[in-house]
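Visitor: I would like a close look at a single part of this model. Please keep to one helix and its surroundings.

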Amino acid sequence: MIHLAATLPAAVLARTLNLTPFTAVRWVRAAGGDWDNYAAELLHSGDRGT
């Protein structure tokens with residue numbers, strides 16, 4: 001669980017493991033994951049065509 005939480009965004013973790021978003025965020029933070037800018041990075045990378 002810790003490995004998944006460290007490597008997946010909370011939204012994906014919640015959907016994959018059927019967790020509430022609040023619980024998924026807590027797991028990601030406990031695992032040291034940092035996905036705060038995930039959506040912005042996706043949008044930005046799309047602007048460059050990559």
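Which pattern does the protein follow, read along the sequence? And which residues of α2 meet which residues of α3?

Guide: This is a predicted model, in which local features need pLDDT of at least 70 and side-chain atom pairs count only at pLDDT 80 or more, while totals for chains, interfaces and linings use all residues. Residues are numbered from 1 along each chain as its sequence is written, and side-chain values use heavy atoms, with hydrogens and water left out.

Read along the sequence, the pattern is α-α-α-α. The secondary structure comes to four helices and zero strands. Both kinds of element are DSSP runs, numbered from the N terminus: helices are H or I with at least four residues, strands E with at least two. The protein has 50 residues, and 18% of them count as buried. Buried means under 20% relative accessible area, exposed over 50%, and partly exposed in between, with a 1.4 Å probe and protein chains only. Take contacts between residues at least 6 apart in sequence: 38% of them join residues at least 24 apart. Contact here means heavy atoms within 4.5 Å.

Now to α2. Its buried residues are A10, L13 and A14. Down the axis of α2, they fall within an arc of 100 degrees, so they line one face of the helix. The arc is taken from the directions that run from the helix axis to the C-beta atoms. An α-helix has 3.6 residues a turn, so residues three or four places apart point the same way. On the other side of α2, A11, R15 and T16 are exposed.

Consider α3 as the partner. The axes of α2 (residues 10-17) and α3 (residues 21-30) come within 8 Å and cross at roughly 120 degrees. That makes α2 oblique to α3. Axes are lines fitted to C-alpha atoms, for helices over the stretch in contact, with angles from 0 to 180 degrees between N-to-C directions. Angles under 35 degrees count as roughly parallel, over 145 as roughly antiparallel, 65 to 115 as roughly perpendicular, and the rest as oblique.

From α2 come A10, L13 and A14; from α3 come P21, A24, V25, W27 and V28. By class, this contact has eight nonpolar, no polar and no charged residues. Ala, Val, Leu, Ile, Met, Phe, Trp, Tyr, Cys and Pro count as nonpolar, Asp, Glu, Lys and Arg as charged, and the others, Gly among them, as polar.

Look at A10 in α2. Its relative accessible area is 17%, so A10 is buried. Leaving aside neighbours within four places in sequence, A10 contacts A24, V25 and V28. A10 and F22 are 12 residues apart in sequence and 8.7 Å apart in space, C-alpha to C-alpha.

P21 belongs to α3. At a relative accessible area of 62%, P21 is exposed. P21 and A11 are 10 residues apart in sequence, and their C-alpha atoms are 6.6 Å apart.

Finally, the loop. N18 follows α2 and sits in the loop between α2 and α3. N18 is exposed, with a relative accessible area of 72%. Its phi is positive, about 55 degrees, although N18 is not a glycine. Most residues other than glycine have a negative phi.
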